[in-house]
Each structure stands twice: as C-alpha cells, then as structure tokens.
Amino acid sequence: MIEVLQPGLLATVQDLGRVGYVDIGVGRSGAADLAAHRLANRLVGNQETAATLEITLGGLSLRLRHAATIACTGAWCHLTGAGAMDWHRALSLPAGTTVRLGWPIVGLRSYLAIRGGVAATPVLGSRSTDTLSGLGPPVLTSGMVLDVGHLIAGDPVDDPSVGLPDPARALSRGLIVLPGPRLDWFTDQAWDQLVGANWAVQATSNRIGYRLSGPPLERSRSGELPSEPTLPGAIQVPPDGQPIVLGPDAPVTGGYPVIGIVPRSGPDGLDALAQARPGRTLRFRGR
Amino acid sequence: MSAGRLLPYGDRAVLIELSAAEEVIAVRDGLSRPALAGIVAVVPAARTVLVEFDPAILSREALSELVQTAVATPAPNVIMTSDLVTLPVYYDGADLAEIAAWVGESVEAVIALHSEPDYIVQFCGFSPGFGYLTGLDPRLQLPRLDSPRPSVPAGSVAVAGEFTGVYPRSSPGGWRLLGHTDATVFDPGRPQPATLTPGTRVRFVPT
C-alpha cells in the first residue's frame, strides 16, 4: 500500500483510457503522455494495462507501507527516497520509504509506476480518472491510501540507456498537424498562421484541452456547426480564433470547427503537447 | 453537399458528413452492427459520424464503399427493429408554462405533443449517458435558454433545437425543462451503463 502525503497541484490515476464507450458519451481519458506512461510500466515489469500516477508539475510525496519497486518518467523532477534517485530507472525501495518529487526541470507531467500497478476499481473498463465527467478513481488527496495490484508481466528492466525523446525539442521543432475536417471554414491565411506562428500555452490548459494563444485564426464563413464527434488532438477554434487542442478528458462532441488534428502517436504529437507548460511557446508544422 | 462525404480527421479516423438525422442513424447502424474488420469505433452526432479505423486492416477506399452502402440503407428498417424504452415522465418542468405560451397551446397539448411520438436516440454527448433524441415535433423545437442554468436536476426531461433528452445527473444546462423522470438513465455500475444508447427507440409516458 502507498500513502499519499502530498498530492502536489494535481495527481491522478491513469491507464490507457476508456475504450468502447464513446458512443454513450463517455470520454477516452487515459494518460496525457502515453509514451511516458508506457515506459514507466515497462521499467517496473508491469502489464501494459496497469495504472500509474500522473503527476502535474511535481510536488507529490508518498510513503511506501511495503517494500516496492517504482519508476518515474515524463517531466523530469528531482526525486528523493533512498537518497537522490535516478529518473527512468526501476528502483527497489524498502518499506517506510518516503518518495518525493520536486518541481520539474523539463516538462509538465510525470508518471510514477509501481510494480503491480495502482489498484483502483476499474470503471467502464479503465482505472483512469476522467477530470471532466468524474468517472474513475478520485483525484489524489493527502492521507489517501492506494493499493498495489498484481498486473506483472516480467522482471523490472534495468537499462540505463532507456529514456524518452525530450519533449522540449519536439515543441521547438514543431508539433505535427494534419488538416482537419473543417479546414474549409477558415481563410487561406488561417492554416499558414497555424503552422507559421508561435503559440503560447495558456494557464487555463488542462486534461480537457490545451488552450493556445496567438494570432486569431479567422473563419471564412460564419454560422454554427451542429455538434460533431471529436477526438483528442482535434484543434477546435472558438469564435475568438484562439485554438484549443482537445486533451484526453475532452467531451466526445463539440460544436466549434476543427481546423487540424495533432496525431495521438509519435514523438511530435499529443505526448509532447502534454508536456508543454503554461507560458511556453510552441509551433506546429505540416507533415 | 453530397451524402456521405468523407472529411479528414487525422491518420486513424474520418468524419462522415451527412445531410439528415435519418442518414446518421443509418450509417451508424450500418457500420456498427456487424463486427467489421478494421473499424475501431463509430461515433454519431447531429449530422456527422466519426469512424475510427485501423488503416493497416481497412483502406480509406474500402471504408468509403461501406459508408455509401450504409447511406443507401433505408433508416425505417432501423426504427422498426430497434429496442423500445419507455420512460415515465412527470410533466412538471420549470419551463413548461413558458413553452406552452411560446407554442400557443395549452399545457395539456404540449404534453401530448411531447409524449405522442416515438423518438430515436441519435447520439450521446455533453455528459455520459446524455442521449440526443430525434423525432421532436417541430412546434416544440425551441432555442436553448439565453443563459444556461447553473444546475439542472438529474432526470430532467428537456428540449432544445431539434432534440429532446434526459439529464443523467445534475449539471449546468441550457435546455428547456418540460418535466422529470425517476428513471436512472446512466449508471456506470450496470452491465448496460446507459439507457439511451444510439439507435434506441424511446417513448415518454405521462405520469
């Protein structure tokens, strides 16, 4: 069992997300940076369906009531437990260890996997906390005790060369954007602006949507769209022209025109965007 | 606008643009009834259907052919064969009198207009289990409230635009309230979490 001492700004339980319930209005949810989440599980020898903790902007501390093997990935934080500890490594820690994540030096979201997985009760097939609908395990609070599961696939991986691409590099060289279904609702200049301008990540960004500010993307037609199905990665443009890239907890339908799509997979897609801190600037590029 | 136009939605999905609610129902039904290889998810909305697919198994061209076949399948077949759900309704909503005044009919007539037709759940959205029911009498097709209520009680039966629906739980909302039902329309602990799934036929029974 793990006791949460301090959750930090926002810490949630996440796995690969809810599959197969979108048509009844249930969002996908799941880890915002899937590659970092998967790597954390792999390092401790978990099955890929195991849940990890998604920690926003560091600040988490917890006490291990039993001996455990953990690994941390994603936004790189100073990590202490049995002294200073390595990032991207499986760490075997004795019972009673207090694990602390400091402020991240790079990135926004860190993932802490524990061997066996975080054992929350699945809701609609997933242990992910959906911050929009409230489905899934509760957001972590001080004093909460988490059980450890048995979703073990093999031995922990001890490979110092294991790591992830630096999200800061992806954000600098540009996230990939593909044309969206409503590109024709915008002026010709709007697409050029989307891929040419610098976009600042707004402080109101969260798991529901990554809100960007920059030159307004102008529409070539007015009027409204009836609600359309959406996917995480869709770039919606409300009337103020400031794009919102939908995150894992986005609603399953939306009425704003979608100008482009940031792909879910790949190092220059949504995983990198999940690591963009408020205030940071990023760019898009076509493929 | 041709029926069944495929719009790009990234490398693993397409958005099918349709011209009528009946086509949405037909396409959703046609693409999700048999387990079609390569189709990962079919998500309907008002005039569009999102199809997530695995491009390694199903090509865009093959998907386009499936869509054209589905569009050509008449929707009445769907309506005749779908499951029927009846929901008892207490017509005591906060907006009932205003709706009656707007429509220019008595409250009793408004209740009859709402409870006589069979509806079809066209899609879900807004919140888990919130079904958008099509088949609403044009006289009851009113715009949303100018300013949404901060809290609409769970079970509220409401109308907005071309749709009627039931709020699965208490939430903010801008639909106009006709009444309420005691039925639980969403419970993630049930084997069938949502009562109002796309394609379901629905009848409201005044209580």
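Guide: Let us begin with strand pairing: two strands pair if DSSP finds at least two bridges between them. The model shown here is predicted. In chain B, four strands form an open sheet with antiparallel pairing, in the order β1-β2-β4-β3.

Visitor: Why is one side of β1 and of β3 of chain B left without a neighbour in the sheet?

Guide: β1 (5-8) and β3 (39-44) of chain B are the edge strands; each has a single partner strand, so one side of each has no neighbour in the sheet. From one strand to the next, the twist averages 25 degrees.

Visitor: How many bridges join β3(B) to β4 of chain B?

Guide: Five bridges join β3(B) to β4 (residues 48-53) of chain B, and the two strands run antiparallel. Within this sheet, B:A41 has B:E52 in β4(B) as its bridge partner.

Visitor: Which strands of the sheet does helix α1 of chain B touch?

Guide: Helix α1 (residues 21-32) of chain B packs on the sheet and touches β2 (13-17), β3 and β4 of chain B. The direction of this helix makes about 160 degrees with that of β3(B).

Visitor: What is the strand order of the open sheet of seven strands in chain A?

Guide: The order in chain A is β11-β18-β15-β16-β13-β12-β19, with antiparallel pairing. β11 and β19 (281-282) of chain A stand at the edges with a single partner strand each, so one side of each lacks a neighbour in the sheet. Inside the sheet, β15 (residues 234-236) and β18 (residues 258-261) of chain A pair in the antiparallel sense over three bridges. A:Q236 has A:V258 in β18(A) as its bridge partner.

Visitor: How many residues do chain A and chain B bring to their contact?

Guide: Chain A supplies 24 residues and chain B supplies 28 residues. On the chain A side, β11 (178-179) and β14 (228-229) of chain A each supply at least two residues. By class, this side of chain A has 16 nonpolar, six polar and two charged residues.

Key. Residues numbered from 1 in each chain as written. Chains lettered and ligands numbered in written order. Predicted model: local features only at pLDDT ≥ 70, side-chain atom pairs only at ≥ 80, totals over all residues. Contact = placed C-beta atoms within 7 Å. Nonpolar A, V, L, I, M, F, W, Y, C, P; charged D, E, K, R; others polar. Axes fitted to C-alpha atoms, helices over the stretch in contact; angles between N-to-C directions.
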